[in-house]
Amino acid sequence: MAENLTNHYYTQNPDVLHEEHHWPFTLLGNELLFTTDNGVFSKNRVDYGSRALLEAFNADKTPAGPWLDLGTGYGPIGLALAKKWPERQITMVDVNELALDLARQNAVANQIENVEIKTSDIYEHVTQRYAAILTNPPVRAGKQVVTAMLTGAKEHLLPGGTLTVVLQKKQGAPSAEKNMKATFGNCEIIKKDKGYYILESTLR
């Protein structure tokens with residue numbers, strides 16, 4: 001039987017039976033409350049890759065300016081960053097409208113106001129440049145989508161800005177590293193953690 005692709009977390013309007021979950025999770029030293037639902041990625045806890053990405057990210061390396069959480073889902077990466085660094089403005093984008101509604105709810109529940117949460121298919125509605133772009137890309141959406149997220153970042157970074165990405169080795173980290181090197185002229189593996197690679201390129 002063909003798999004139903006309309007309920008995947010990387011589609012615009014996942015066709016799901018709603019079943020909301022509410023749970024706390026500590027990220028970057030702050031306890032956050034999350035509401036999730038069917039049709040979003042990692043609905044029962046913040047996935048290991050996102051946690052590894054947040055822990056490895058070096059905010060001090062980034063220039064002044066806003067940050068972008070690309071493929072935010074229900075918002076764990078963007079909201080954790082916004083809570084930890086309230087002086088930064090964080091833009092959070094995703095193609096999944098259900099996930100974005102949850103991200104907005106989660107921002108309100110955690111009294112986080114330094115965020116802008118909006119719909120964008122990759123960089124389609126991303127209009128400004130950022131001091132940092134972070135992403136845990138949706139591998140199941142296919143290599144073409146992941147590659148577009150990595151290579152398109154160059155047009156949306158400020159000078160000295162960083163692109164920080166988490167991918168499992170078995171899900172394409174080596175190929176992502178090559179793409180980032182080809183695009184930026186540099187790519188560093190800043191951390192390896194249980195099969196996850198945290199890759200970082202800087203716009204020089």
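Q: A salt bridge is a side-chain nitrogen of Lys or Arg within 4 Å of a carboxyl oxygen of Asp or Glu; what makes Lys61 and Glu200 count as one?
A: The closest N and O atoms of Lys61 and Glu200 are 2.6 Å apart, and that is within the 4 Å limit, so the pair qualifies. This is a predicted model, where local features need pLDDT of at least 70 and side-chain atom pairs count only at pLDDT 80 or more, while totals for chains, interfaces and linings use all residues. Residues are numbered from 1 along each chain as its sequence is written, and side-chain values use heavy atoms, with hydrogens and water left out.

Q: How do you know that the Lys61 pair links distant parts of the chain?
A: Look at where the two ends sit: Lys61 is in the loop between α1 (48-56) and β3 (67-70), and Glu200 is in strand β9 (residues 196-202). That puts them 139 residues apart. Helices (H or I, at least four residues) and strands (E, at least two) are DSSP runs, numbered from the N terminus.

Q: Why is Glu200 called buried and Lys61 partly exposed?
A: The cut-offs are relative accessible area under 20% for buried and over 50% for exposed, with partly exposed in between (1.4 Å probe, protein chains only). Glu200 comes in at 4%, so it's buried. Lys61 has 39%, which lands it in the partly exposed band.

Q: What makes the rings of Tyr48 and Tyr196 a tilted pair?
A: Rings of Phe, Tyr and Trp (its six-membered ring) pair if their centres lie within 6.5 Å; planes under 30 degrees apart are stacked, over 60 edge-to-face and the rest tilted. Here the centres are 5.8 Å apart and the planes stand at 40°, so tilted is the label. The pair spans 148 residues, from Tyr48 in helix α1 to Tyr196 in strand β9. Tyr48 is partly exposed at 24%, while Tyr196 is buried at 18%.

Q: Why is the Phe57 and Trp85 pair called edge-to-face?
A: The centres are 6.2 Å apart and the planes are at 90°, so the pair is edge-to-face. Phe57 sits in the loop between α1 and β3, and Trp85 in the loop between α2 (76-84) and β4, 28 residues apart. Both are buried: Phe57 has 6% relative accessibility and Trp85 has 17%. The structure holds 8 aromatic pairs, and ring pairs also link Trp23, Phe25, Phe34 and Tyr74 into a cluster.

Q: What makes β5 and β8 the edge strands?
A: The open sheet has 7 strands in the order β5-β4-β3-β6-β7-β9-β8, with mixed pairing. Strands β5 (115-119) and β8 (188-193) each pair on one side only. The twist averages 15° from one strand to the next.

Q: How do you know that β4 and β5 pair?
A: Pairing takes at least two bridges found by DSSP, and 5 bridges join β4 (residues 90-94) to β5, running parallel. Within that pairing, Met92 stands opposite Ile117 in β5. Helix α3 (residues 97-109) packs on the sheet, touching β4 and β5, and its direction makes about 165° with that of β5. Axes are lines fitted to C-alpha atoms, for helices over the stretch in contact, with angles from 0 to 180 degrees between N-to-C directions; contact means heavy atoms within 4.5 Å.
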